[in-house]
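Good morning. Please have a look at the chain on the screen, and I will then go through it piece by piece.

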Amino acid sequence: MSRSSLSADTFCKDAAGVAGNIFAFGLFVSPVPTFRRIARNRSTENFSGLPYIYALLNCLVTLWYAAFQLVYIILFITYADKRKKVRMLGLLMVDIVLFLVIVVGSLEINNFSLRRVVVGFLSCAALISMFASPLFIINLVIRTRSVEFMPFYLSLSTFLMSASFLAYGIFNNDPFVYVPNGAGTVLGTMQLGLYSYYKRTSTEESTEPLIVSFG
């Protein structure tokens with residue numbers, strides 16, 4: 001392989017990696033407008049807390065940006081009604097227990113290669129669940145024909161970050177990177193498609209909650 005080809009390949013890897021990290025940061029700050037609204041209205045309305053629970057689990061497994069998710073979860077629990085508070089606290093405990101099980105269990109694996117594979121698979125599962133979590137609101141979106149409680153920036157950031165790391169994983173031939181991010185790209189595309197389709201019938205932001213609520 002020529003030097004120019006190697007340089008181009010290295011540039012593509014670096015560019016995809018840098019773009020992925022930039023969009024990752026964008027993903028983790030994308031809920032800020034949602035939580036400004038929650039704090040302003042002092043209610044979680046029909047927003048779902050599941051994306052932040054799954055994101056926290058992913059962050060705990062990979063040890064990236066966990067602080068963002070903890071802040072979002074604390075705010076969500078603060079302004080949620082009693083039923084949501086109980087459910088979110090229960091899911092938060094599940095996250096922490098799963099993380100501790102993963103940490104203790106992985107440390108018991110003496111073979112480094114096997115440990116890498118096990119943690120890699122667990123990270124893939126956590127990452128895919130994080131990417132898919134905004135789709136839990138899909139039933140509400142379809143029933144109400146409104147995307148008011150499906151944050152656009154979260155879906156857009158999911159797609160951009162996933163696409164960047166998909167390219168990075170392919171360039172580096174790393175299945176633990178390109179497999180979950182490939183799934184994230186597909187799921188992000190689905191979310192954006194759903195948002196685009198129902199945006200035409202979406203109403204303006206309202207402080208009045210809808211009838212159906214999802215955790």
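**Contacts and overall layout**

Let me start with contacts. Take the contacts in the protein chain between residues at least 6 apart in sequence: 79% of them join residues at least 24 apart. Please keep in mind that this is a predicted model.

Now the parts list. The protein chain has nine helices and zero strands. If you read along the sequence, the pattern is α-α-α-α-α-α-α-α-α. The chain has 215 residues, and 41% of them count as buried. As for the surface, the protein chain exposes about 11,700 Å². Carbon and sulfur atoms supply 68% of that area.

Which residues touch the most other members of the largest nonpolar core? They are Ile73, Phe76 and Val141, in a core of 23 residues. Several helices contribute: α2 (32-41), α3 (50-62), α4 (66-79), α5, α7 (138-144) and α9 (175-199) each supply at least two residues of this core. Helix α4 gives the most, with five residues. Another core lies apart from this one and has 13 residues, among them Phe28, Met161, Val177 and Leu187.

Helix α5 covers residues 82-107, which is 26 residues. From its first C-alpha to its last, α5 reaches 38 Å, close to the 38 Å expected at 1.5 Å a residue. Which residues of α5 are buried? They are Lys84, Met88, Leu92, Asp95, Phe99, Ile102 and Ser106. Note that this list includes Lys84 and Asp95.

Met93 is also found in helix α5. Is Met93 buried or partly exposed? Its relative accessible area is 47%, so Met93 is partly exposed. The cut-offs here are under 20% for buried and over 50% for exposed, with partly exposed in between. Met93 also belongs to a nonpolar surface patch, which it makes together with Ile96 and Leu100. The area of that patch is about 270 Å².

Now for charges. How many salt bridges does a search of the whole structure find? It finds one. The side chains of Glu45 and Arg37 meet in a salt bridge, at 2.9 Å from N to O. Both Glu45 and Arg37 are buried.

Let me stay with Glu45 for a moment. Glu45 sits in the loop between α2 and α3. Why does Glu45 count as buried? Because its relative accessible area is 6%, and buried means under 20%. The backbone of Glu45 deserves a look as well: its phi is near 45 degrees, a positive value in a residue other than glycine.

Asn173 can be set beside it. Phi of Asn173 is near 55 degrees, again a positive value in a residue other than glycine. Asn173 is found in the loop between α8 and α9. Is Asn173 buried or exposed? With a relative accessible area of 60%, Asn173 is exposed.

Ile22 counts as exposed because its relative accessibility is 54%, and the cut-off for exposed is over 50%. Ile22 and Met161 are 139 residues apart along the chain, and their C-alpha atoms are separated by 7.9 Å. Met161 has come up already, as one of the residues in the core of 13.

The next pair begins with Ala163, in helix α8 (residues 152-171). Ala163 has 28% relative accessibility, so it counts as partly exposed. Ala163 and Ala183 are 20 residues apart in sequence.

The remaining pair begins with Val186, which is found in helix α9. At 49% relative accessibility, Val186 counts as partly exposed, since exposed means over 50%. Val186 and Ala132 are 54 residues apart along the chain, and the separation of their C-alpha atoms is 9.7 Å.

To close, two points to take away. The protein chain consists of nine helices with zero strands. Its one salt bridge is the pair Glu45 and Arg37.

Definitions and conventions. Residues numbered from 1 in each chain as written. Predicted model: local features only at pLDDT ≥ 70, side-chain atom pairs only at ≥ 80, totals over all residues. Heavy atoms only, no water. Buried < 20%, exposed > 50% of the residue type's maximum accessible area, 1.4 Å probe, protein only. Helix = DSSP H or I, 4+ residues; strand = E, 2+ residues; numbered from the N terminus. Expected span 1.5 Å × (residues − 1). Patch = residues over 30% accessible without salt bridge, like charges linked within 9 Å, V, L, I, M, F, W, Y side chains within 5 Å. Areas by Shrake-Rupley, 256 points an atom, 1.4 Å probe, with all protein chains shown as cover. Salt bridge = Lys/Arg side-chain N within 4 Å of Asp/Glu carboxyl O. Core = buried A, V, L, I, M, F, W, Y, C linked by side-chain atoms within 4.5 Å. Contact = heavy atoms within 4.5 Å.
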